[in-house]
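Biologist: Hey, can you walk me through this one? I'd like to start with the whole thing and then zoom in.

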Amino acid sequence: HTFIICGLILFVFALMMHIRNYTWSTEELLWKDTVSKSPDKPRPLMNLGKFYQSINSDQAAFDTYQMAMKLSADRLTANFNDFQNRDMLAAAQSNLGVLFMKAGDFETAEKAFRGSLSLMPFQGPATVNLSRVMIVEERYQEAVELLSMTIAVENYGSGFQNRGKLHQNLGIAYAYLMDCLNADIQFKKAAEMDPDIEPLQCTQ
């Protein structure tokens, strides 16, 4: 009986692995097919890049984002008021920044995030990740200023992403500055805005 149970467990694991690999392969083929049918559109390339990034194929993601950026940049050259392509280019630069940050190249990551923010100021993902670079490099006051400004603008508008993460990173920066009062205020706001964020508390 023990051998039968072990065999069944191994079979289930093998089946799960097969399903996962099939799903990945199918999604990759889907976006590759879309890219081949719309080679002049950056969005399919962005989606393919996100897929590669989700399975940690960082070089493939990097190359794909670069192609998406070139298409978006070419379209912006023709029409700078093309909001959709400006947003696409900003997103691609932000995603590249994440890849650079993952590789430990914080200087290049910061350039990518700032490039993204120059196209779409105060956008959530690039601001969150730029503040992470600042915190890693112990530039806590810079992080506080960046995040506070973004949150202040956000309070008067809508459509901003990663609100909880903005407050969480602001709390972390305050905590490193030994300002636990403001840190805990931000941690509380972060948890209220995003229940998936792990509640933090500043301790001295």
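Predicted model: local features only at pLDDT ≥ 70, side-chain atom pairs only at ≥ 80, totals over all residues.

Biologist: What about contacts between residues at least 6 apart in sequence, how many join residues at least 24 apart?

Modeller: That would be 49% of those contacts.

Biologist: Let's zoom in. Where is Phe51?

Modeller: Phe51 sits in helix 2, which covers residues 42-54.

Biologist: Is Phe51 buried or exposed, and why do you say that?

Modeller: Phe51 has a relative accessible area of 2%. The cut-off for buried is under 20%, so Phe51 counts as buried.

Biologist: How far is Phe51 from Glu28?

Modeller: Their C-alpha atoms are separated by 7.1 Å, and the two residues are 23 residues apart along the chain.

Biologist: New topic: what span does helix 8 reach?

Modeller: Helix 8 (residues 163-176) has 14 residues and reaches 20 Å from its first C-alpha to its last, close to the expected 20 Å.

Biologist: Which residues in helix 8 are buried?

Modeller: Among them are Gly164, Leu166, His167, Leu170 and Tyr174.

Biologist: And what follows helix 8?

Modeller: Met178 comes after helix 8, and its phi is positive, near 65°.

Technical notes: Residues numbered from 1 in each chain as written. Heavy atoms only, no water. Contact = heavy atoms within 4.5 Å. Helix = DSSP H or I, 4+ residues; strand = E, 2+ residues; numbered from the N terminus. Buried < 20%, exposed > 50% of the residue type's maximum accessible area, 1.4 Å probe, protein only. Expected span 1.5 Å × (residues − 1).
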